[in-house]
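This briefing goes through the strands and helices of one model by topic. Please keep the sequence and the structure in view while reading.

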Amino acid sequence: MKRLTTTHESLALGVPQSAPGAVFALTLAGGVSVDPDEGGEISFGRNRPQVDVCVGENDLQVSRRHGILNFTGGHWWVSNTGQLPIRLPNSRWLSQGEDPIPLSDGYTPLFVRGSGRREHLLELYVAGPDGGQPATRHGDVTVPPRRWRLSAEERLVLVVFGQRYLLHDLNPQPLSRQHTAEMLAELRPDETWTSRRVEHVVIDVRARLSAGGVYGLRREEVGEPVGNALNDNLLRELVLSTTLVPPDLALLDALD
């Protein structure tokens with residue numbers, strides 16, 4: 001285990017040449033780098049004398065030993081042993097007692113929840129097969145986003161339901177099913193639109209995307225109270241994947 005000082009630059013800028021699979025962990029208080037040995041472990045938390053990486057040492061909401069990194073089966077895994085959850089990229093949360101999450105090669109920021117609205121940054125970096133930063137690929141063809149296939153009816157329903165996301169509202173929320181049905185009835189007055197029909201369309205698309213690997217579309221993945229979380233996650237995925245785009249709002253042009 002090698003120590004990283006408080007003057008070490010952000011891991012987002014990369015790491016020096018290292019053993020493939022080596023992990024770096026860094027906070028404002030410094031950090032460590034560890035080669036990939038089966039059973040290797042790095043602990044992090046508030047109690048500086050008792051952990052390998054100190055995070056949030058003046059915040060009593062951070063547990064003294066808040067989490068660990070383990071090298072098992074050829075991968076580094078992060079576990080939460082603290083009282084408050086850890087936030088990972090893509091708004092994924094890891095709570096105490098949940099299964100460890102594997103780290104991908106490259107940079108991963110973790111945010112340890114603290115008191116009030118405080119979050120404490122723990123930077124992680126796993127060296128790739130070449131022992132350092134992923135190879136630059138300046139001239140390679142851009143990989144397009146994964147766009148989800150929607151029927152014409154599904155697209156119409158979801159554009160109405162999620163129009164505030166396409167309008168880039170500051171804090172968008174889905175329309176209610178009833179409001180969505182009323183707008184669809186205006187757009188297609190010869191068809192029967194009810195909140196139940198809207199709900200069936202939304203549930204079907206959500207189930208299909210969940211089966212396709214999108215996280216946060218099932219109740220057990222977001223926890224209680226669910227509120228609008230499932231539909232919010234669905235609409236964000238559709239917009240971020242460019243399955244739904246602002247020009248789709250043209251479908252609403254027939255409305256007064």
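Against which helices do the buried residues of α1 pack? They pack against α2 (163-166), α3 (177-187), α4 and α6. The model is predicted, so to speak of local features a pLDDT of at least 70 is needed, side-chain atom pairs count only at pLDDT 80 or more, and totals for chains, interfaces and linings use all residues. Residues are numbered from 1 along each chain as its sequence is written, and side-chain values use heavy atoms, with hydrogens and water left out. Helices (H or I, at least four residues) and strands (E, at least two) are DSSP runs, numbered from the N terminus.

**Helix α1**
- Helix α1 covers residues 152-161, and seven of its 10 residues are buried, so the rest of the structure largely encloses it.
- Buried means under 20% relative accessible area, exposed over 50%, and partly exposed in between, with a 1.4 Å probe and protein chains only.
- The buried residues are Glu154, Leu156, Val157, Leu158, Val159, Val160 and Phe161.

**α1 against α4**
- The axes of α1 and α4 are 10 Å apart, and the two helices pack at an angle of about 105 degrees.
- That angle makes α1 roughly perpendicular to α4.
- Axes are lines fitted to C-alpha atoms, for helices over the stretch in contact, and angles run from 0 to 180 degrees between N-to-C directions.
- Angles under 35 degrees count as roughly parallel, over 145 as roughly antiparallel, 65 to 115 as roughly perpendicular and the rest as oblique.
- On the α1 side the contact (heavy atoms within 4.5 Å) involves Glu153, Glu154, Val157, Leu158 and Phe161.
- On the α4 side it involves Arg197, Val198, Val201, Val202, Val205 and Arg208.
- By class, this contact of α1 with α4 has seven nonpolar, no polar and four charged residues.
- Ala, Val, Leu, Ile, Met, Phe, Trp, Tyr, Cys and Pro count as nonpolar, Asp, Glu, Lys and Arg as charged, and the others, Gly among them, as polar.

**α4 against α6**
- Helix α4 (residues 195-211) and helix α6 (residues 229-240) have axes that come within 11 Å and cross at roughly 65 degrees.
- This makes α4 roughly perpendicular to α6.
- Val202, Val205, Arg206 and Leu209 of α4 make the contact with Leu230, Asn231, Leu234, Glu237 and Leu238 of α6.
- The contact of α4 with α6 has six nonpolar, one polar and two charged residues.

**The sheet of seven strands**
- This open sheet has the order β1-β3-β2-β12-β11-β8-β9, with antiparallel pairing.
- At the edges stand β1 (2-4) and β9 (92-94), each with a single partner strand, so one side of each has no neighbour in the sheet.
- Two strands pair if DSSP finds at least two bridges between them.
- Strand β8 (residues 86-88) pairs with strand β11 (residues 106-113) in the antiparallel sense over two bridges.
- Arginine 87 has phenylalanine 111 in β11 as its bridge partner.

**The sheet of five strands**
- Another open sheet has the order β5-β4-β6-β7-β10, with mixed pairing.
- Its edge strands, β5 (53-54) and β10 (101-102), each pair on one side only.
- Strand β7 (residues 75-80) and β10 pair in the antiparallel sense over two bridges.
- Tryptophan 77 stands opposite proline 102 in β10.

**Aspartate 169**
- Aspartate 169 lies in the loop between α2 and α3.
- At 36% relative accessibility, aspartate 169 counts as partly exposed.
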